[in-house]
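Hi,

Here is the model I said I'd pass on.

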Amino acid sequence: MDVHLNKCQDCDRVIMSDETHHLCDICYEKYDLEIGLVEDAIKIHGYERPEVIARHTHLTVDRVKHLLEDAKQAARGPESEELCSNCGERNALMKSTYCWDCQLTLYHNLSTEARQATMNQEQQAAQADTGINSLRETMEDKRRRTGAARFRKPQQSVKGR
Ligand SMILES: [Zn+2]
Ligand SMILES: [Zn+2]
């Protein structure tokens, strides 16, 4: 990795820098805190627009945009070569099958979608159950009838002999 002396992007303090580190320790801590706030605003409150996130986190809109862009870039790694399974246009995030933009729009639908998915699964399971039950009943019914018929016939022929 190419490490060299550089200036912190935010405060101009001289730091050891490489491709992934552009901030000094102090600014990185601040950055880490701020990106946490932005992530919470997205994950917990479902905010999408930088303006809304900025109001919620008390950061400037530009700062939020910068953090979002950074998070987007940080999330993209060698493993995110696959395309987003939702839009198929942008690269998917490392730990997701969705790209950042789709992830954002999906975040606030996630809880409702998850609930609906569970409901659908339960409904399907219930339907499958009734299906199996009625099939089982029909089979037992048939077996009972054919079994009875089979049982009766030899008995009758034995008696008849
Ligand atoms: Zn700094
Ligand atoms: Zn997408």
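This is a predicted model: local features need pLDDT of at least 70, side-chain atom pairs count only at pLDDT 80 or more; totals for chains, interfaces and linings use all residues.

Let's start at His-58, which sits in the loop between α2 and α3. Residues are numbered from 1 along each chain as its sequence is written, while chains are lettered from A and ligands numbered from 1 in the order in which they are written.

Back to His-58: phi there is near 60°, a positive value in a residue other than glycine, and the residue comes just after α2. His-58 counts as exposed because 9 other C-beta atoms lie within 10 Å. The cut-offs are 20 or more other C-beta atoms within 10 Å of a residue's own for buried, 12 or fewer for exposed, and partly exposed in between, with C-beta atoms placed from the backbone.

Asp-12 is another non-glycine residue with a positive phi, near 70°. You'll find Asp-12 in the loop between β1 (4-7) and β2 (14-17), and with 10 other C-beta atoms within 10 Å it is exposed.

Now the overall layout. The chain has four helices and two strands, running β-β-α-α-α-α from the N terminus on. Of its 161 residues, 12% are buried. Among contacts with a separation of 6 or more, 17% are between residues 24 or more positions apart; a contact means that the two C-beta atoms, placed from the backbone, lie within 7 Å.

On to the packing. A nonpolar core here is a set of buried Ala, Val, Leu, Ile, Met, Phe, Trp, Tyr and Cys residues joined through C-beta atoms within 7 Å. The largest one has nine residues: Val-38, Ala-41, Ile-42, Tyr-47, Ile-53, Ala-54, Leu-59, Val-64 and Leu-67. Two or more of these residues come from each of α1 (25-43), α2 (50-57) and α3 (61-75), and α1 gives the most, with three. There is also a second, separate core of six residues, including Ala-92, Leu-93, Cys-99 and Cys-102.

Beyond its neighbours within four places in sequence, Val-64 is in contact with Val-38, Pro-50, Ile-53, Ala-54, Thr-57 and Leu-59. As for α2, its buried residues are Pro-50, Ile-53, Ala-54 and Thr-57. They line one face of the helix, because they fall within an arc of 100° seen down its axis (the arc is that of the directions from the helix axis to the C-beta atoms).

Last stop, the loop between α3 and α4 (100-160), where Arg-90 is found. Arg-90 is partly exposed, as it has 17 C-beta neighbours inside 10 Å. Leaving aside neighbours within four places in sequence, Arg-90 is in contact with Cys-84, Cys-99 and Asp-101. Its C-alpha atom is separated by 9.2 Å from that of Cys-102, twelve residues apart along the chain. Glu-89 lies in that loop too, and it is exposed, with 10 other C-beta atoms within 10 Å. Between the C-alpha atoms of Glu-89 and Cys-99, ten residues apart along the chain, the separation is 8.6 Å.

Cheers
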